Amino acid sequence: AQEESKTKVGMVTDAGTIDDKSFNQGTWEGILAAQEDFDLDVRYLKPVGTTEADYIQEISNLYDAGYKFIVTPGFKFETTIFKAQDEYEDAYFVLLDGSPHAGDFNPVVGPKTVSIFFAEHESGFLAGVATALQLNEGEVGFIGGMEIPAVQKFNWGFQQGIAYANANFGTEIAINAENVIYQGSFDNVAAGQQIAAQMYEKGVDAIFAAAGGVGVGVINEAKSRARAGEEVWVVGVDVDQYADGIYEGEKSVILTSAVKRIDQASYDMIKAYLNDSFPGGQILTFDASNNGVGIPEENPNLSDAVETQVAEVFDSIVSGSVTVNDVQGNLIK
Amino acid sequence: MDHIIEMLNIRKEFPGIVANDDVSISLRKGEVLALLGENGAGKSTLMSILFGLYNPDAGTIRVRNQEVEIKNPTQANNLGIGMVHQHFKLVHNFTVTENIILGMEPKKGLIINRDGAAKKIKELSEYYGLNVDPYAKIEDISVGMQQRVEILKMLYRDAEVLIFDEPTAVLTPQEIRELMKIMRNLLEEGKSIILITHKLKEIKEVADRCTVIRRGKVIGTVQVNETSEAEMAKMMVGREVSFNVDKADNPPGETVLEVKDLVVKDNRGLPAVNSFSISLRKGEILGIAGVDGNGQSELVEAITGLRNVESGAILLNGTDVSKFSIKDRFHAGIAHIPEDRQKRGLVLDYSIAENMVLEIVSNPPFSKRGLLQFPAIASYTERLIQEFDVRSGEGAKAKARALSGGNQQKAIVGREISHDPEVLIAVQPTRGLDVGSIEYIHKRLVEQRDKGKAVLLVSLELDEILDLSDRIAIINSGVCVGEVNAAETNENEVGLMMAGIKQGA
Amino acid sequence: MNTIVQIFPYAVAYTIPLLITSLGGLFSERSGVVNIGLEGLMVVGSFFTALVINFLEPTMGANAIWFGLLAAMIGGALFSMLHAIASVSLHANQVISGTAINMIATAVTVFFARNLLGSGNIQIINTLSRFNVPLLSRIPIIGPLFFTNTYATTWFVLAILGAAYFVLYYTPSGLRLRSCGEHPHAADAAGINVQRTRYIGVGLSGTFAGLGGGVMIVTYSGQFNGSVAGLGFLALASLIFGQWKPLGILGATLFFGFATTMANVSQVIPSLAVIPPVLLKTFPYVATLIALIIFSRSSQAPKAVGEPFVKDKR
Amino acid sequence: MNTIVQIFPYAVAYTIPLLITSLGGLFSERSGVVNIGLEGLMVVGSFFTALVINFLEPTMGANAIWFGLLAAMIGGALFSMLHAIASVSLHANQVISGTAINMIATAVTVFFARNLLGSGNIQIINTLSRFNVPLLSRIPIIGPLFFTNTYATTWFVLAILGAAYFVLYYTPSGLRLRSCGEHPHAADAAGINVQRTRYIGVGLSGTFAGLGGGVMIVTYSGQFNGSVAGLGFLALASLIFGQWKPLGILGATLFFGFATTMANVSQVIPSLAVIPPVLLKTFPYVATLIALIIFSRSSQAPKAVGEPFVKDKR
Ligand SMILES: Nc1ncnc2c1ncn2[C@@H]1O[C@H](COP(=O)(O)OP(=O)(O)OP(=O)(O)O)[C@@H](O)[C@H]1O
Ligand SMILES: Nc1ncnc2c1ncn2[C@@H]1O[C@H](COP(=O)(O)OP(=O)(O)OP(=O)(O)O)[C@@H](O)[C@H]1O
Ligand SMILES: [Mg+2]
Ligand SMILES: [Mg+2]
């Protein structure tokens, strides 16, 4: 009976595990934080596969068990939520990084659904500025996972960030077209390592890896090289990946990370729901202006001067004096 | 009496059958003891017990007057018992040496001493006149040599008692003669031998005593030189067996099958049959005599459609069928009792009924409008089972696999004869069968002839050819070296021709 | 009981693609050709279904589904010919040929999807609607279980199951097909064209596995993404578990369908939630392992399955 | 040329886990037991390696790696006993038993990882360092290719390869092992304990596949996540492609290692980037298919592989 009184918040995970140090984990951490603060009954389910059927199945399972506030991370849930929001009319859905559609990419956000996007390009931009400032001169590369909008926007933002620093702070950072690639998957660790090795061989100093498991391979290669005394860097993605890059004592190959504050988003939506201010029917964007994206608060590998300069750029984005494009334009790939 | 082996009151049951029921046999030092019995009598089972492959349910084994338990082949080896199985137990891609030393390899340091072993094997082989190349691979040598490798395996292990399970079933007449000679050499060296065979002639030739087994029970033991083949056969089957084929004089009719200048290649692409011509008339049995491997198999496969013809013609009632499919030849009237009943004859996991109609299943009455007619199939099969005395536990429903070899063969013969073919091609129709079954199958073949059908009989058994055929064509190296009338020839003449010496007509 | 009624339609929906694919494998293996490539053939089927529906949907709406399924069958059959050529005509090792099929299927379909439609994912708008069978669905107990919330494809696949059973055991073609898997040399000697029969067997496996992939798309998945999540392997396991018999396969696939669905929902069903999830997740496989051991002594595998048939060999 | 020198060490690093796993499969199959479960055994090895390193790293640093690899071998060997019991003692269908191993491995290891460490992912801090072999690395051409940027595990695995070759072809144990895969009844009649030999074969496959999974972790992957991305299946393909021979396997795994590495890095190497990626990605599999067809006529598969050995059976 006591259980009944608590608000039930459910989550369905995407392809990876709950501890993927990325999307799923961020979402779940936000939910756990909300549980701390508001005393909730929380639960996540991991689908067997990554098909819509698997997702729908888990949503119906949650729903049937009384979880009527459901958070789903990832664009793969778009068509799922499109169906679910009709089928389960009294349930609330938070779709992170996507918006519901019928397969035709025309967003249809139900009255009790919130669709949340992140300004990955701004996050990438800030990471690019930080990288350029810290290296001052040299060469950088980009390794993406699949060629999907979120990853592309990280890439485009990053390139703009490098260019911005070169133009405004006098850094001399090159980015070569052949060093900007999408590996094509999020789980090919070996390919991550091999591609990173090629880039470092060709003189790249820092690689921005927005590629899930492929990024694990990139970080590994960097660690190997760092341990052998080479100075190579990786720019992390989604969450602060500093700890993943530790190769000795406290030293890490992670220069900084292009962060999306997913946990913040899921926390905020739960809070709004409890306060009866749930923004149902809306498509929200988490960007610099609401502190939804950025670089981590602590960056042991960035000098204080660099951190200060990045913070200034951050403010310029918030104020609108600097704008970051979320389309390719004449950028590489 | 100096018995080296005694098996006393042995009992062994398999699910549903008592294979050995209170069986006692004894082997004296330096003798050949023959075991004789119908198919499935339990001979192989008894020997498997002696060799430690099966454990008996009851009974005792005494070796050199000591009671022993033989739990596995290693213990049998240690007791000086060796066995050549009905189916050889040789690893096909190992060399002769490797097969022989397997399980007791001589070593030099950590490494197998192959050369040392090969030398010892060479010596053994020469001592007993076995003529085996220690470095040859099993897959490259003849069946006869494989058998000699099995013998060497026993000798290498210092076996005193050698068990041979139907050693001659797979051998050519020459090889059989050689084997008999080898056995005598072995006896001279003080070995003792147990020999299982269906061929009474062989028993007469080498054995000292013969123990007869029927349905798992010992019927008796006889002194071979004091008895006749007919008597042994009677003991085994339980009735008189006639060795002579009754054949009425039957003037042959017109030609049905004519093979003209046939050329066929073997698996390696070499010509196996070369410009071969024969003709077969209604109401006669034409025997093809030859040493194994001289192209008989390829000839038959070409006629039945199992193998492509390079050139030449096969005329059936004047029509060239050499390009016909197997099915079309069958419909044109060619039936085939294949050489290897398990490989080509039967689908072992199908019931007898299914096997009986496999070739004709889409004809009425066995199927109508694309549907199988089970009652028609069943009654047809029952009739065949009755007529051809196919014995099985469950009648038509029994799986072919559960039949003994003899009964499998009877089923095939029945199936093919009942198609009422113009030409019946019978290849080795009695291979591995006991004398009772042989008698029966011979009768049916002659009956076909008497009905005015044509029969082409291919056999490696010269006796069978001479007894059954009206005319005999002799094949050597794929060439027809001559044709003789069965009534006007003898074993000697045909034997010489088989060896390639042209004579006669 | 209520739990069962709730999960029944889901479990059945999950079972059906498994069943038809496994049935495809049955024809291939009964004719003597091992088909590890079922997974890949399903992928191909799901690709063609999604592609055709994607093209036709704008003009014909939900009717496109049927053309999509037809395309899946044709595409699966054609793709399976690769396996047939390698393993029947060229006597290649069938396990490897099948594995290659699996690997190539994903690579090639995703490539084409990307080049034709710009994305490795193809989504369809209309999936098949569920319906209650008139009258029958009102029968107590049985009605809610079997005749509510059903897909047309479910009945179609069950009809194929019936037909397969009938063909295999009651027609000359079935007898001959089976003889090629049991003893090709005897079949050959009896005048049966073993190679052609095996081509047909493999072709049917492609057709059915393709259909399986298609059904998956139009019922519960709704999008092609180059994977069928191991369903093809599960179909293979069902084939063996079901002892190469149509009804055995039905039982095995239902078992997997229910076990998987149960494992999925266990966490939200209080009565199941007490069981540690690892047990539930591994339950189908552990059960398979045990069942296998029990059945293995009397395995009904076609005797000659996996053996290339080389005519002249003796 | 320069490209080759650059990718060589990485291709080799990718090849080594494949090689040792395939070698494990060799022992199992040569003893007569098909081992589809290599993938699962690698997962188990990668789990134990990551787990042990994770525990020991804080106190012993990089030395923990060696204990991790040892644990992988022991863990793999123990897990493989499941397959041995099912397929050797209980005569189960080996393909299914292996498939069950694969499925159970992932479920169980991730479950334990989560319960022991709170996460299904286990990361290690220290991966193995690369080194140049003194002196040898200075040899022109050969030095940069073979003796620079090498891992200690590479030499260890190559030593095992040499030992395996020696044992298989020059020692009584090798002769006996092979005889069990070719003709278990002959081996039995020669006094060899077929069951025990097969247990040893399967155990070695577990040991080596476990090591393969471990090497993967400590060289290029750096984290356990319940999957080895199909490497086990590739090892199986290499086994067949390499015709069940140690040197054949070396060739096959090198081929896969290079083909995969080329495909992976093609995008960053301009001279390769002109080739359509689907060709590069499917190249290893298409090549396998073709090679198979060429080799299949003279297949060297152990004759009795996959056949349960039942003593009393005729
Ligand atoms: N796998 C089996 N299952 C059941 N019964 C079998 C099986 N194998 C053999 N039998 C039984 O064995 C008996 C004899 O079969 P066996 O194989 O010994 O034939 P055979 O007499 O040796 O023939 P041949 O001498 O021609 O080889 C049959 O009556 C049959 O019932
Ligand atoms: N492993 C077995 N399982 C079941 N039954 C068996 C087995 N081995 C033999 N039998 C049975 O034992 C009986 C005797 O078989 P055995 O092989 O000893 O006959 P045989 O006298 O050697 O016949 P043949 O002369 O044809 O070789 C057969 O009827 C068969 O049914
Ligand atoms: Mg016999
Ligand atoms: Mg016998």
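Predicted model: local features only at pLDDT ≥ 70, side-chain atom pairs only at ≥ 80, totals over all residues.
**Entry 1: chain A against chain D**

Residues are numbered from 1 along each chain as its sequence is written, chains are lettered from A and ligands numbered from 1 in the order in which they are written, and side-chain values use heavy atoms, with hydrogens and water left out.

Next I listed the elements that give two or more residues to chain A's side: β7 (172–182), α7 (189–201), α8 (213–227) and β10 (246–248). Helices (H or I, at least four residues) and strands (E, at least two) are DSSP runs, numbered from the N terminus. The largest share, 10 residues, comes from α7(A). By class, I count 13 nonpolar, 10 polar and 11 charged residues on this side. Ala, Val, Leu, Ile, Met, Phe, Trp, Tyr, Cys and Pro count as nonpolar, Asp, Glu, Lys and Arg as charged, and the others, Gly among them, as polar.

The contact (heavy atoms within 4.5 Å) takes 34 residues from chain A and 31 from chain D. The two chains bury about 2600 Å² between them, 43% of it on carbon and sulfur atoms. In chain A, A:D19, A:Q194 and A:Q198 lose the most area to chain D, together 23% of what that side buries. Buried area is the accessible area (1.4 Å probe) that two parts lose on being put together, summed over both.

I found 1 salt bridge across this interface. D:R130 pairs with A:E221, at 2.8 Å from N to O. The rule asks for a side-chain nitrogen of Lys or Arg within 4 Å of a carboxyl oxygen of Asp or Glu.

**Entry 2: chain B against chain D**

Here 25 residues of chain B are in contact with 23 residues of chain D. The buried area is about 2100 Å², and carbon and sulfur atoms give 61% of it. On the chain B side, B:K89, B:F94 and B:L102 lose the most area, together 22% of what that side buries.

I again found 1 salt bridge. It joins D:R176 to B:E105, with the closest N and O atoms 2.6 Å apart. I also noted 6 residue pairs in polar contact. α2(B) gives the most to chain B's side, with 3 residues. That side has 14 nonpolar, 5 polar and 6 charged residues.

**Entry 3: salt bridges overall**

Over all chains, I count 46 salt bridges. One of them joins A:D97 and A:K260, at 3.1 Å from N to O. The two residues lie 163 residues apart: A:D97 in the loop between β4 (92–96) and β5 (113–118), A:K260 in strand β12 (residues 254–260).

**Entry 4: cavities**

How many cavities of 30 Å³ or more does the structure hold? I found 7. On a 1 Å grid over the protein atoms alone, a cavity is a set of points where a 1.4 Å probe fits but cannot get out; lining residues have an atom within 4 Å of a point. Points are joined across faces, edges and corners, and a volume is the space filled by probe spheres set on them.

The largest cavity has a volume of about 180 Å³. Of its 18 lining residues, B:I326, B:H336, B:E359, C:A189 and C:A190 are the closest to its centre. The lining divides into 9 nonpolar, 4 polar and 5 charged residues.

Methods: Polar contact = N/O pair within 3.5 Å; in protein donor to acceptor, adjacent residues only side chain to side chain. 1 Å grid on protein atoms, 1.4 Å probe; cavity = no way out; pocket = protein on both sides within 12 Å on 5 of 7 lines; lining within 4 Å.
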